[in-house]
Every structure is written in structure tokens, then in C-alpha cells.
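Subject: Structure handover

Hello,

Here is the structure for you to look at. My notes on it come after the model.

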Amino acid sequence: MFDGTDGHVTIPNGNTVSSIEAWVNPVTVASINILQLTAGATITTSAAGVVTATGFTSPTVYLNGSTVDLVLKAGQWNHVVVSSGTGISTSTGYLGRVSTSYFKGTMDAVRFYNRALTAGEVTQLYQENEVCLPHVARAAAIMTNGLVVGATITDSGCGYTNAPMVTIQ
């Protein structure tokens, strides 16, 4: 958990990075600082929560596998990818910090690539690593003489090895 005060991870200098992938779960989304590769190459959000990449050469920004809706959601996991055909050599790099401003929330599965990721690769990474959060399944009750005698449950699930617990109220 990044505390938003001083928690961050230093990224070693001298690595060439063309693509960055991370799962982020921010406390808030307005004007947050996700990472800094150099003093001028950063991934942040605008006041409206839109993910932006500054200092990259013609970057493609993906959020949850898409380039269309780039607004982060607070309090839930978001898959963020920034990809560029031109690599950036890291110097003064931080994860969870840009300059003197810090990220508040959780990050997971952060990956740096020395090549541009294709749209197909980003989609595959999103689908393979999608964080499974509690969710609501659909159920259709089977009724006999006004009594529930069974239910058919439809749930896209998360690769359950055991059947999910079901409560009928």
C-alpha cells in the first residue's frame, strides 16, 4: 500500500523502457501520480481522472484493455498500460511518486518492457491477469407451488475450483 505521503519504489537508472503495465487501485483518481521514469517522462491522471503519459514519444495509453475510456475508477483495480515505439532510458525513476507528489492506493503486477506492446498483447495481458473481485451473479429461481425448489445460477466467475456460496433471501 502506498500511503500518499512518502511511500515509493525507486526504479534503477539506465534501463530502456518502451512499455509499462500495472494494476492500480487508487484511493482517489483526480491528479494522481503513478510513476516517473525520468524527470520528464511520467504517468499521471488529470483532475478528471484521465490517465495521461507525458514525455513518451507518441504513446498509446490503455485502461482495462481499451484506448477509449481512460478514466480510472477509485477503490477498484484498473489495468494501466502505456506503450511507445521509442524507449526511454530511466533516470530518477519512481513507482508511486512523481517529483514530490505521491500515489495513495495499491499497485500490483507492475511490469516494464523494452519493446512496444501491441494492442493484441495488451488485451491478452488484461484478460489473463484480470483481478477477480467480488461480484453479483444472476440467478433464476425454480418455483413449484409458490416455493423455491432450486435455482439456476449464471456467473462468468473467476476460474472457481469450488462452487461459489449462494444465499437465497
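The notes below go from the whole chain to the strands, and then to some single residues.

This is a predicted model, in which local features need pLDDT of at least 70, side-chain atom pairs count only at pLDDT 80 or more, and totals for chains, interfaces and linings use all residues. Residues are numbered from 1 along each chain as its sequence is written, and side-chain values use heavy atoms, with hydrogens and water left out.

Whole chain

The mean pLDDT of the chain is 84, and 82% of its residues reach 70 or more; pLDDT is the predictor's confidence in each residue, from 0 to 100. Among the elements, E7 has the highest mean pLDDT (94) and E14 the lowest (70). Where pLDDT is low, the predicted coordinates should not be read in detail.

Helices (H or I, at least four residues) and strands (E, at least two) are DSSP runs, numbered from the N terminus. Of the 169 residues, 35% are buried; buried means under 20% relative accessible area, exposed over 50%, and partly exposed in between (1.4 Å probe, protein chains only). The accessible surface comes to about 9,400 Å², and carbon and sulfur atoms account for 52% of it. Areas come from the Shrake-Rupley method with a 1.4 Å probe, and for residues only the protein chains shown count as cover. Among contacts (heavy atoms within 4.5 Å) between residues at least 6 apart in sequence, 65% join residues at least 24 apart.

The five-stranded sheet

An open sheet is formed by five strands in the order E1-E12-E3-E8-E7, with antiparallel pairing. Its edge strands are E1 (2-3) and E7 (60-63), each of which pairs on one side only. Two strands pair if DSSP finds at least two bridges between them. E1 pairs with E12 (residues 104-113) over two bridges, in the antiparallel sense, and Phe2 stands opposite Gly105 in E12.

Strand E4 (residues 33-36) pairs with E5 over three bridges, antiparallel. A hairpin of five residues joins E4 to E5, and Gln36 has Thr42 in E5 as its bridge partner. E5 is also joined to E6 (residues 51-54) by four bridges, and these two strands run antiparallel. Here the bridge partner of Ile43 is Ala53 in E6. Five residues lie between E5 and E6 in their hairpin, and Gly49 in that turn has a positive phi of about 90 degrees.

In a regular strand the side chains alternate between the two faces of the sheet. In E5 (residues 42-45), Thr42 and Thr44 point one way, Ile43 and Thr45 point the other way, and all are buried.

Single residues at the surface

Gly85 is found in strand E8 (residues 78-89). Gly85 counts as exposed because its relative accessible area is 72%. Leaving aside neighbours within four places in sequence, Gly85 is in contact with Thr57 and Ala116. Its C-alpha atom is separated by 6.3 Å from that of Ser18, 67 residues apart along the chain.

Val149 lies in strand E14 (residues 147-154) and, at 54% relative accessibility, is exposed. Together with Ile142 and Leu147, Val149 forms a nonpolar surface patch with about 290 Å² of accessible area. Patches are made of residues with over 30% relative accessible area and no salt bridge, where like charges are joined within 9 Å and nonpolar side chains (Val, Leu, Ile, Met, Phe, Trp, Tyr) within 5 Å. A salt bridge is a side-chain nitrogen of Lys or Arg within 4 Å of a carboxyl oxygen of Asp or Glu.

Regards
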